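Hi,

Here is the structure I promised to pass on to you. My notes on it follow below, so please have a look at both together.

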Amino acid sequence: MSQPFTIPKTQRAFVLPVVGGEIKLVDDHPVLPQSKLLPGQCLVKLTHTGVCHSDLGIKKSVFPNKPKPDLVGGHEGVGTVVAIGDHTTNRKVSVGDRVGIKYLGSACSTCELCLKGREGYCLEFKAHGNDYDGTFCEYAVAYIAYVTPIPEALESSAAAAIMCAGVTVYSALKQSDTHIGDWIVISGAGGGLGHLAIQYAVAMGLRVVAIDAGVAKRDLCLELGAEKWIDFLGSTNLVADVIRATEGGAHAALVAAGGSSAYETAVAYLRRTGTLLAVGLPPGAMISAPVLLVAARGLTIRGSFIGNRQETIEAVNIAAAGKVKCTYSIRGLSELNEVYEEMEKGQIAGRVVLDIYK
């Protein structure tokens, strides 16, 4: 039987007092006591949390769904359950279990979309780090039905990096209408999303063409299993290069790059009945594609925002099996402002995971 944990009254946390303003590290943010947890909620003592570009976007108020007042951001946390609300009937986790907290915080669970496993599109969907306080803190509250069990074989820091980026690309790949041996082109392949997409695609039996720029990213992509590499800065005709590399065009294209031009190019190099997966979210970007081209070739353009609960479990288990390894650096929670500054300057390689107690 799990021993009770000592839960403090206050904690360190990064708080966003004003939407679009600056975050502030405080050491007196309240911790919700066990007696105040709702039925079905748990309190998680965090050890690690990832930092996502979406966190920066939420901070800067670039998305239509505005965050709650005095928000604690973050949505890639891993830690230990230290308390569970009274009268909780869903006991899929217990005190002492290690779990992950992701962007998907709750949904109605009864609408058509939820019943189809599309909880992230539910009209009552709420997100950690936006509608609920998130993981840039020492203790976070989450609904038991929406936390993800973390296998023993996966380190907490590595699991944190999977909770958003990993499941996002894994879910997109599952929606790509591809089969073993098909070609998928991943643009932005050397980045935080892209390098995970390569590995999940390879694990699913797909053949990968990686698009990015620079020798370091080329070496990384090929090491992770991409069969072919195209440096978009060195290409004079990217569409022709992709069609040649894929022997007639890609069966699918996953765009994880940060610019709209990658989307426009992808439409042109898809083979007939190919699928374009919109994963990267450059602010203000538009997808421009000739309607005649899309119709005549039977193309599918599909957005993929977040994965569902089952896909998160699958993505984590694949990583725990050693088939996917995230490239990340560990920083301290206290360095979050510096991490944001480096993100805005494009100086982050791979993912950043914060050690909560540094």
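The second largest pocket in this predicted model has a volume of about 370 Å³. A pocket here is an open set of points on a 1 Å grid over the protein atoms alone, with protein on both sides within 12 Å along at least five of seven lines; a cavity is a set of points where a 1.4 Å probe fits but cannot get out, and lining residues have an atom within 4 Å of a point. Grid points are joined across faces, edges and corners, and a volume is the space filled by probe spheres set on the points.

This pocket has 21 lining residues, and those nearest its centre are His29, Leu32, Tyr132, Asp133 and Val141. Two or more residues of the lining come from each of β2 (24–30), β3 (41–51) and β8 (139–143), with β8 giving the largest share, five residues. Strands (E, at least two residues) and helices (H or I, at least four) are DSSP runs, numbered from the N terminus. By class, the pocket lining has 12 nonpolar, five polar and four charged residues. Ala, Val, Leu, Ile, Met, Phe, Trp, Tyr, Cys and Pro count as nonpolar, Asp, Glu, Lys and Arg as charged, and the others, Gly among them, as polar.

A word on the conventions: residues are numbered from 1 along each chain as its sequence is written, and side-chain values use heavy atoms, with hydrogens and water left out. As the model is predicted, local features need pLDDT of at least 70 and side-chain atom pairs count only at pLDDT 80 or more, while totals for chains, interfaces and linings use all residues.

Now to the cavities. There are three of 30 Å³ or more. The largest cavity has a volume of about 90 Å³ and 15 lining residues, with Ile23, Leu71, Gly73, Phe136 and Tyr340 nearest its centre. At least two lining residues are supplied by each of β1 (10–15), α1 and α10; α1 provides the largest share, three residues. The lining of the largest cavity comprises 10 nonpolar, three polar and two charged residues.

Helices α1 (residues 53–60) and α10 (residues 336–344) also meet each other: their axes come within 10 Å and cross at roughly 100°. Axes are lines fitted to C-alpha atoms, for helices over the stretch in contact, and angles run from 0 to 180 degrees between N-to-C directions. His53, Asp55, Leu56, Lys59 and Lys60 of α1 touch Tyr340, Met343 and Glu344 of α10, where contact means heavy atoms within 4.5 Å. The residues of this contact are three nonpolar, one polar and four charged.

The second largest cavity holds about 70 Å³ of space. Its lining includes Lys102, Tyr103, Leu104, Met163, Cys164 and Thr312, and the largest share, four residues, comes from α3. Six of the lining residues are nonpolar, three polar and one charged.

What is the angle between α3 and helix α9 (residues 309–320)? The two pack at about 105°, with their axes 9 Å apart, so α3 is roughly perpendicular to α9. Among the contact residues are Met163, Val167 and Tyr170 of α3, and Thr312, Ala315 and Val316 of α9. This contact divides into eight nonpolar, three polar and three charged residues.

Finally, the sheet. Six strands form an open sheet in the order β12-β11-β10-β13-β14-β15, with parallel pairing; two strands pair if DSSP finds at least two bridges between them. Its edge strands, each pairing on one side only, are β12 (228–231) and β15 (300–303). Neighbouring strands are turned by 20° against each other on average, direction ignored. Helix α3 (residues 156–174) packs on this sheet, touching β10 (183–187), β13 and β14, and its direction makes about 155° with that of β13. Strands β13 (residues 250–255) and β14 (residues 270–278) share five bridges in the parallel sense, and Ala250 stands opposite Leu270 in β14.

Best wishes

Terms used. Parallel < 35°, antiparallel > 145°, perpendicular 65-115°, else oblique.
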